[in-house]
Amino acid sequence: MTKTSNSLMDCLKRIRPIESEIFEEAQKEAETSNVPLEQLLIQQGVVSDSDLALATADYLEIRPISLASFAPETALVDLMPRDKWKELKALPVSRLGTRLAVAMADPFDIVARDTIASSTDSELVPLVALESEITEAIESVSNEPAQALEDILKDMAEDGDVEVGQEEIEDADLDQMLETAGEAPVIRIVNSILIEALRKHASDIHIEPMEKTVRLRNRIDGVLYESPSPPKNLQNAITSRLKIMSSLDIAERRVPQDGRFKIKALGKEVDVRMSMLPTVHGEKVVMRILDKTALAPNLGALGLDQLSLDNFSYALGQPYGMILVTGPTGSGKTTTLYSALQELNVVGTNIITTENPVEYQLDGINQVQINPQVGLTFAAALRSILRQDPDVVMVGEIRDAETATIAVEAALTGHLVLSTLHTNDAAGAIARLIDMGIEPFMLSSSLLLTQAQRLYRKLCPVCKKEIDIPTETLKKNRVDPEIMENTQFYKTAGCPKCNGIGYKGRGGIMEILLVDEAIRKTVLNTPEADAISKVAIQNGMRTLREAGLDRVRSGLTTIEEIMRVTSEH
């Protein structure tokens, strides 16, 4: 990096205050060694690469960007040779018309900026990023150029591969289906759909047949967004191609089918779980993308506040008892349970799980796939598991009284049991088990902790904008203005980094109810959810709404998002 004026140093010291003695010594050493002062400060560990990147962005008045989980577009990277991007320490991020946004490790490098602008025939919009992240992102791009779905469809139309019109799906010939499913255009379309979903960090892909069209949607951070749709007359071939990949019966289109397959793309291997459902206009396909690298390695990585983390860790450290994780579908319950299991996964502990389905395969853990069609229900599996000398048992979901009874008995007889329930809050889990017929005295003796959780969308750190929210607006949403005093609120804006959405990634908020003596007495005397919740709050439990407002105060999300995912207690 070129030597810069003290203005950059002023920006750096604002971001990372440096003691005057240390700064003066470094300044003298930089002059004698002819090493740029900012590089010397990094070598001495006084500041970090990230500090310098933020200072550079501030000094040049351009935006910083994190590429930690960024998936580059192959088409943009192919505008120049990969080695050239590495040499210039730069990476193309997005293109809008003639403007090309490029992340650069050294935006002071005028030669690099001119080279990129002339080689790509673009107007350069520089961004600041870490060199290590730029190099890693370039290396993650496949060596084979990829096409976006729009480009594939355009090429097919130009080549005459697709004739616009309708075909009778029900009359399709089986041999013809097999043949068309293996044709290059169909393979390219399916590959493009999968790659695009991975690039956008989608959790689910929906391919939905309509009367005259096929709708393609990706679920990103819990919300569905529409994508360019494949042609209707390739609908059958696309579903057949996916069935072939999942080893399903391509001739069967009258009953639902489930399958799974693995794909390698963007430098990682992910599992894809597929569900096919017959509808009046053809088979609807939903693919769940299961990326093991996205799992939190332990509880500390879930982003809990300190009290919640301490309570959860305390419960996990007990030799026996029951821990219940609750929340609606898609609220991250499985991720939380897997994080807890990975914390317990040591050589001296026998861990067995019963799941439907097994979402992620974890080393060192015995996982049982539930299969009700052959009689392997949660209850049946749980009975057998208890004869396998387990220390820790994870039950995917407590759905009926039989499973609940066996799980509670297992917790009472020396096993640590983890499971999930569909309830709205932590106290509701206790009331739900009592409704199932579990005696209150058994629950008070076996239960260690109940927890409720939700996922909220995080604001994109690149484009979020500061706003003021009137006190009246807070009161209308039943938020006490006093607890939000001196809070800087933000709103979404939208930029290339977040695909114009304004949110990027999700975080979890949790309500953790540790079962202590006061809760046990309440369960025995008045086992209603409201009474249990009231005692827990008096004992210091933070509700989902309170945990969510903490994230607003930290500038991680908007107050509208927290209102959306939580209800008032």
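K84 and E87 sit three residues apart in helix α6 (residues 82–88), so about one helical turn separates them. The two form a salt bridge, with their closest N and O atoms 3.5 Å apart. A salt bridge here is a side-chain nitrogen of Lys or Arg within 4 Å of a carboxyl oxygen of Asp or Glu. K84 is partly exposed at 28% relative accessibility, while E87 is exposed at 53%. Buried means under 20% relative accessible area, exposed over 50%, and partly exposed in between (1.4 Å probe, protein chains only). Helices (H or I, at least four residues) and strands (E, at least two) are DSSP runs, numbered from the N terminus.

A word on the model itself: it is predicted, so local features need pLDDT of at least 70 and side-chain atom pairs count only at pLDDT 80 or more, whereas totals for chains, interfaces and linings use all residues. Residues are numbered from 1 along each chain as its sequence is written, and side-chain values use heavy atoms, leaving out hydrogens and water.

**Salt bridges**

The structure holds 21 salt bridges, and here are three of them.

| Pair | N to O distance |
|---|---|
| K84 and E87 | 3.5 Å |
| E123 and R99 | 3.8 Å |
| K284 and E208 | 3.9 Å |

The side chains of E123 and R99 meet in a salt bridge. E123 belongs to strand β3 (residues 123–128) and R99 to strand β2 (residues 99–104), so this pair ties together parts that are 24 residues apart in sequence. E123 is partly exposed, at 44% relative accessibility, and R99 is partly exposed at 44%.

K284 and E208 also meet through their side chains in a salt bridge. Because K284 lies in strand β9 (residues 282–290) and E208 in strand β4 (residues 204–209), the pair links parts that are 76 residues apart in sequence. Both K284 and E208 are buried. Salt bridges with shared partners join E208, R215, R217 and K284 into one network.

β7 runs antiparallel to strand β8 (residues 268–279), and nine bridges join them; two strands pair if DSSP finds at least two bridges between them. I263 stands opposite V270 in β8. The hairpin has two residues between its strands, and L266 takes a positive phi near 55° there.

**Backbone details in loops**

Most residues other than glycine have a negative phi, and most peptide bonds are trans. D221, which is not a glycine, has a positive phi of about 55°. D221 is in the loop between β5 (214–220) and β6 (223–227), and is buried at 14% relative accessibility. N486, also not a glycine, has a positive phi of about 65°. N486 is found in the loop between α19 (471–476) and β17 (489–491), where this residue is exposed with a relative accessible area of 78%.

The peptide bond from N356 to P357 is cis, with omega near 0°. P357 lies in the loop between β11 (351–355) and β12 (366–369).
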